[in-house]
Amino acid sequence: MSSEPGMLVAGYVRQERLLDNLAALARFGALPAGGVNRQALSAEDLAAREWIIDLAVALGCEVTTDQCANLFIRRAGLRDLPPVVTGSHIDTQPCGGNLDGCYGVMAGIECLFALNEAGIVTQRPLEVVIWTNEEGSRFSPGAMGSCAFVNPERLTDYLDNQDQDGIKVSAALAECHRRFAALGRRARHPMAAFIELHIEQGPVLEQAGLPLAVVQGIQGVRWYQIRCLGRSAHAGTTPMDRREDAMTLARRVADRIEQAVADVPADQLRLTFGCWQVAPNAINTVAGEVGFTVDFRYPDAAVLDRFDAAIASLAAGNVIITPMLSQPPVAFDAQLLARQRACCAALAIPAGQLVSGAFHDAMHLAAHCPTGMFFVPSRDGVSHNPAEYTDPHSLWLGARALACCLTELANPLTGVTL
Ligand code: HGY
Ligand code: MN
Ligand code: MN
């Protein structure tokens with residue numbers, strides 16, 4: 001075993017234990033045909049949180065929470081310094097895979113196992129964080145927990161947001177806090193560094209034949225809700241020229257949005273109209289109201305700003321536009337990236353580099369402390385789908401790189417400085 005603490009701890013990362021814990025987590029909200037539905041602050045999410053809290057306590061960690069129900073699993077250090085932090089999310093899409101977010105959390109837990117078995121106590125404390133509601137599929141916006149941690153004043157903007165059953169964020173948070181009333185509360189606290197390990201969710205690493213990537217940053221994102229208003233009417237009796245068909249209007253608005261980004265290179269365009277509501281949604285009634293969401297991603301802030309202007313120009317009396325998420329592109333910390341690359345080299349793990357197409361909690365943490373990410377490949381580039389899969393060896397390599405990095409960063413006395 002290497003004498004270097006980071007290499008030593010990486011040597012105790014065990015693939016089978018990581019896979020077993022990922023499989024155990026996947027049982028919370030498992031869908032009969034495969035995949036998981038464990039949406040933010042749902043019963044399945046709370047049950048999974050309880051299981052992870054028990055695991056963390058058995059590892060000798062202290063678990064605390066905050067106003068947005070983020071969970072902080074803390075392994076004490078020799079000195080009361082700002083912690084080195086890892087983590088991700090365990091909430092999923094309505095029909096998601098077992099790895100998105102969950103891999104980063106369980107690999108962080110695996111690093112705690114490895115540290116205990118290596119008998120290493122780091123100078124800095126280490127924390128594994130479960131950020132609340134990263135997906136944003138139940139409650140908008142996504143990455144709510146990490147945003148509220150870095151910007152505590154933003155939570156009040158979200159408390160009245162509702163899910164499709166009319167349940168408010170405030171009620172779901174209250175339920176979670178009741179369930180875990182015994183947990184101590186943490187407010188926003190300084191962090192020495194945050195590293196998130198995540199699946200790539202795209203095809204780049206698999207095409208390059210690489211098991212790992214040091215992520216350079218995250219492209220920007222815009223989410224909008226568009227409501228198109230018409231008048232419901234009889235499908236059989238109403239002449240076409242007497243209709244105010246909200247679906248016809250919605251299709252026109254969507255076409256205008258596509259035209260607004262017609263100059264974006266096709267291989268870089270990421271425009272999605274993912275969620276639709278039609279009222280009254282009856283085969284023989286002209287739609288009275290049609291709502292749909294817009295998700296646009298791009299790495300260049302100027303293009304994102306032009307998109308905002310194009311969307312704003314579509315507003316009218318019968319077209320109501322509500323911004324839901326606006327996040328600029330993020331570049332990760334250069335010194336941390338160098339440290340990550342050095343760990344990959346020391347472990348002889350071939351590592352590529354890329355900018356993330358998906359957003360992650362790291363996009364908010366980058367405003368709070370030096371932040372970086374590792375990616376492992378996604379088979380066929382598929383994610384947000386039960387077919388989401390990464391080969392076990394890459395999952396193991398990613399956890400080893402994370403363990404090495406966290407240990408080195410948490411031992412400032414070994415000459416590692418950020
Ligand atoms: O939407 C995203 O990029 C993330 O996967 N929630
Ligand atoms: Mn994710
Ligand atoms: Mn996701």
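Which residue has its backbone nitrogen 3.5 Å from a polar atom of the side chain of Gln 219? In this predicted model, the residue in question is Tyr 298, whose backbone nitrogen lies at that distance from the Gln 219 side chain. A polar atom of the side chain of Gln 219 also lies 3.0 Å from the backbone oxygen of Gly 357. Gln 219 itself is found in the loop between strand 7, which covers residues 212–218, and strand 8, which covers residues 220–229. Although Gln 219 is placed in a loop, its relative accessible area is 9%, and Gln 219 therefore counts as buried, a term that applies under 20%.

The surroundings of ligand 1 were examined next. The residues around ligand 1 are Glu 134, Glu 135, Arg 297, Ala 358, Phe 359 and His 384, and when this shell is sorted by class, it has two nonpolar residues, one polar residue and three charged residues. Three of the side chains can be described by their distances to atoms of the ligand. In the case of Glu 134, a polar side-chain atom lies 3.1 Å from a nitrogen atom of ligand 1, whereas for Arg 297 an N or O atom in the side chain is 2.8 Å from an oxygen atom of ligand 1. For His 384, an N or O atom in the side chain is 3.2 Å from an oxygen atom of the ligand. Taken alone, ligand 1 exposes 210 Å², and the protein buries 94% of that area.

Helix 10 comprises residues 301–312, twelve residues in total, and reaches 17 Å from its first C-alpha to its last, which is close to the 16 Å expected at 1.5 Å a residue. The buried residues of this helix are Val 303, Leu 304, Phe 307 and Ile 311. Because these residues cover an arc of only 100 degrees around the axis, they are placed on the same side of helix 10. On the other side of helix 10, by contrast, Arg 306 and Ala 312 are exposed.

The relative accessible area of Phe 374 is 0%, so Phe 374 is classed as buried. The C-alpha atom of Phe 374 is separated by 9.3 Å from that of Gly 104, although the two residues are 270 residues apart along the chain.

Notes
Residues are numbered from 1 along each chain as its sequence is written. Chains are lettered from A and ligands numbered from 1 in the order in which they are written. This is a predicted model: local features need pLDDT of at least 70, side-chain atom pairs count only at pLDDT 80 or more; totals for chains, interfaces and linings use all residues. Side-chain values use heavy atoms; hydrogens and water are left out. A residue is near a molecule or strand if one of its heavy atoms lies within 4 Å of it. A polar contact is a pair of N or O atoms within 3.5 Å; within protein, one must be able to donate a hydrogen and the other to accept it, and residues adjacent in sequence count only if both atoms are side-chain atoms. Accessible areas come from the Shrake-Rupley method with a 1.4 Å probe; for residues, only the protein chains shown count as cover. Ala, Val, Leu, Ile, Met, Phe, Trp, Tyr, Cys and Pro count as nonpolar, Asp, Glu, Lys and Arg as charged, and the others, Gly among them, as polar. Helices (H or I, at least four residues) and strands (E, at least two) are DSSP runs, numbered from the N terminus. The expected span of a helix is 1.5 Å times one less than its number of residues. Buried means under 20% relative accessible area, exposed over 50%, partly exposed in between (1.4 Å probe, protein chains only). The arc is that of the directions from the helix axis to the C-beta atoms.
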